[in-house]
Amino acid sequence: MIALPRRPAVMTAVTTAALAALTAVLVRAVRSDAYVTDPAALAGWYAVAWALFGAAAWALRHVPARHVAPLVLAGSVAVAAGGLVAEPRTSSDVYRYVWDGRVQAAGISPYDHVPGDPALSRLRDDRLFPRGAECERPERFRVAAAEGGPSTAPSGTAVATCTLINRPSVHTIYPPVAEGYFLLVHALSPADARHKPFQVGGAVLSVAVSALLLAVLRRRGRAHWAAYWAWCPAVAVEAVNNAHVDVLGVLFAVAGLAAVRAHRVRGGTLIGAGIATKLLPAVVLPGALAGAAAPRPRRPDGAVAGEGPPRPLRRSLAVLLPAAAVVVLGYLPYLLISHGSVLGYLGGYAEEEGYDDPTVKNRYALLRLVLPASWSQPAVLVLCAAVVAYVLRRGDPERPWRSALLVTGAAFLLTTPGYSWYALLLIALVALDGRWEWLGVAMAGAAKYVGGRAVDDSGLLGTVAYALAGIAVLVGWLVRRRRDGRARKGTGPEPESVSAPESAPGPVPEPEPEPGPEPGPGPYGVRSGAPEVTAGRGPRPRPRPGSPRC
């Protein structure tokens with residue numbers, strides 16, 4: 001076997017070639033209508049795209065440091081552009097976004113009427129609400145005829161009326177920040193633009209997430225991790241081509257986790273904006289509170305150090321209260337103008353997706369391999385609570401994204417969702433923390449969503465895909481644990497070490513500290529054994545032995 005030379009110029013060329021091939025495959029997959037006509041072929045194109053993505057991300061590790069950030073950003077733009085070459089292929093959610101923006105621009109609450117309500121027929125157009133033979137195409141949903149519109153053809157036959165909006169008989173489910181985004185895109189778009197402005201918005205947001213990840217990771221000497229998001233095929237398909245608003249929630253969540261270490265109120269506010277966009281970013285809140293329930297330091301006499309209210313409580317409230325305030329204030333204008341519930345179809349959606357009945361849509365698939373179906377939902381609640389408790393007690397407040405990844409990934413493996421765009425948040429957390437083995441969970445969601453249409457038993461395929469993803473996570477954890485143990489004993493390389501690539505000028509970036517036998521950050525982000533630093537003053541000197549303590 002011939003080993004590939006890892007000279008900087010060679011690896012830069014390999015990375016560029018892999019990115020070009022990835023973009024070409026994504027364009028081929030997006031331009032295809034195979035989701036309806038040949039889902040097995042589409043699943044194959046997705047598999048090739050993921051393989052090229054892995055090759056490009058591996059090659060990037062051996063590229064000179066000065067080339068990493070430009071390559072990541074250029075690749076992010078290329079991958080995003082690949083999602084713009086065709087109309088949405090595997091989801092019709094964007095048409096609800098178009099409709100909600102149009103309804104709000106007319107001065108009507110999006111929560112008051114379903115898209116199929118004839119009372120809003122004056123807002124319909126022939127592209128969003130086609131008639132006649134167009135309604136025979138896939139992904140067309142029947143609705144009542146518009147008020148005053150023709151219900152029969154000249155021959156006397158009925159004229160079918162349909163819409164591109166899925167679930168046209170239920171109210172919108174999207175939270176207020178998402179609805180504000182829909183209104184903004186509508187206001188900035190030409191009258192007949194339909195879905196394209198939302199795709200462009202998704203491309204801009206996906207590149208913005210890439211830039212934010214680079215800004216955060218370059219300070220830690222981990223700029224190449226940003227490629228896990230920037231070049232991921234799921235970003236091109238779900239954030240750009242299908243234009244899912246989840247990408248806006250991801251941007252807020254990443255910004256919040258990056259800010260929460262130094263500015264808890266700011267971090268909580270940003271995470272709250274993410275929750276008010278798609279609700280799912282709520283799973284990163286335990287990460288933002290990592291270590292909040294850790295045992296408090298004690299003085300030699302056994303008394304708890306510090307006075308006043310418990311600092312962990314103040315720290316937690318500094319994150320939770322701003323997050324809750326953003327959600328409440330976001331909903332408030334809609335509460336004032338709406339006649340119905342602003343929660344829309346949320347309860348019905350949870351029931352439809354099988355969160356109450358595990359036999360629907362293969363929910364809780366992995367747990368049902370070992371537990372009766374009736375036990376799976378209580379088991380999920382208990383296990384999720386245990387993971388959150390672990391993060392609150394043992395999580396590292398200096399790396400909140402690691403705890404957020406653990407909670408989010410565990411929730412995905414326990415609930416086995418079938419919609420691949422949910423994993424956009426998980427992919428961004430992988431980029432922040434570098435634990436690439438969790439990407440298998442995102443691949444499992446795509447396999448279940450697309451590949452499930454090509455097999456007789458989509459539930460079995462989803463179960464196998466998530467089981468393999470869980471095994472990959474376990475193996476990755478074992479490998480890292482063994483490597484870190486060897487590094488502590490001095491028999492192996494330092495964990496997560498960063499080396500200066502060949503011909504890379506400048507100093508070697510300082511590696512991010514990993515947990516080890518040396519004292520780590522305490523529950524408040526202060527390393528035990530280090531002099532305490534107070535705001536506006538220098539380090540507080542330690543008291544001499546025998547001196548009184550204040």
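Reply: Helices (H or I, at least four residues) and strands (E, at least two) are DSSP runs, numbered from the N terminus. The model is predicted, so local features need pLDDT of at least 70 and side-chain atom pairs count only at pLDDT 80 or more, while totals for chains, interfaces and linings use all residues. Residues are numbered from 1 along each chain as its sequence is written, and side-chain values use heavy atoms, with hydrogens and water left out.

Me: How many helices and strands does the chain have?
Reply: The chain contains 19 helices and two strands.

Me: And where is Ser403 found?
Reply: Ser403 belongs to helix H16, which covers residues 400-415.

Me: Is Ser403 buried or exposed?
Reply: Ser403 is buried, its relative accessible area being 6%. Buried means under 20% relative accessible area, exposed over 50%, and partly exposed in between (1.4 Å probe, protein chains only).

Me: What is Ser403 in contact with?
Reply: Leaving aside neighbours within four places in sequence, Ser403 is in contact with Gly287, Ala290, Val391, Gly395 and Asp396. Contact means heavy atoms within 4.5 Å.

Me: What share of the chain counts as buried?
Reply: Of its 550 residues, 49% count as buried. As for contacts between residues at least 6 apart in sequence, 72% join residues at least 24 apart.

Me: Which residues of the largest nonpolar core touch the most other members?
Reply: That core has 124 residues, and those touching the most other members are Val72, Phe198, Leu213, Trp229, Trp231, Leu257 and Val441. A nonpolar core is a set of buried Ala, Val, Leu, Ile, Met, Phe, Trp, Tyr and Cys residues joined through side-chain atoms within 4.5 Å.

Me: Take Val441, then. What does Val441 touch?
Reply: Not counting residues up to four places away in sequence, Val441 touches Phe412, Leu413, Leu426, Tyr466, Ala469 and Val473.

Me: At what angle do H18 and H19 pack?
Reply: Helix H18 (residues 439-450) and H19 pack at about 175 degrees, and their axes are 8 Å apart. That makes H18 roughly antiparallel to H19. Axes are lines fitted to C-alpha atoms, for helices over the stretch in contact, and angles run from 0 to 180 degrees between N-to-C directions; under 35 degrees counts as roughly parallel, over 145 as roughly antiparallel, 65 to 115 as roughly perpendicular and the rest as oblique.

Me: Which residues make the contact of H18 with H19?
Reply: H18 contributes Gly440, Val441, Ala444, Gly445, Ala447 and Lys448, and H19 contributes Leu461, Gly462, Ala465, Tyr466, Ala469 and Val473. By class, eight are nonpolar, three polar and one charged. Here Ala, Val, Leu, Ile, Met, Phe, Trp, Tyr, Cys and Pro count as nonpolar, Asp, Glu, Lys and Arg as charged, and the others, Gly among them, as polar.

Me: What separates the C-alpha atoms of Ala465 and Ala444?
Reply: They are separated by 4.8 Å, although the two residues are 21 apart along the chain. Ala465 lies in H19 (residues 458-489) and counts as buried at 14% relative accessibility. Beyond its neighbours within four places, Ala465 is in contact with Ala444 and Ala447.

Me: On to the other end. At what angle do H1 and H3 pack?
Reply: H1 (residues 8-31) and H3 (residues 39-60) pack at about 160 degrees, with axes 8 Å apart, and are therefore roughly antiparallel to each other. The residues of their contact divide into 20 nonpolar, one polar and one charged.

Me: How covered is H9?
Reply: H9 (residues 233-241) is mostly covered, with nine of its nine residues buried. Glu238 and Asn241 are among them. Just after H9, Ala243 takes a positive phi of about 55 degrees.

Me: Now the loops. Where is the place of His195?
Reply: His195 is in the loop between helix H6 (176-188) and helix H7 (196-218), and it is buried, at 8% relative accessible area. Not counting residues up to four places away, His195 touches Glu87, Pro88, Val94, Tyr95 and Val98.

Me: What is the phi of Arg167?
Reply: The phi of Arg167 is near 50 degrees, a positive value in a residue other than glycine. Arg167 sits in the loop between strand E2 (162-163) and H6, and is partly exposed at 25% relative accessible area.
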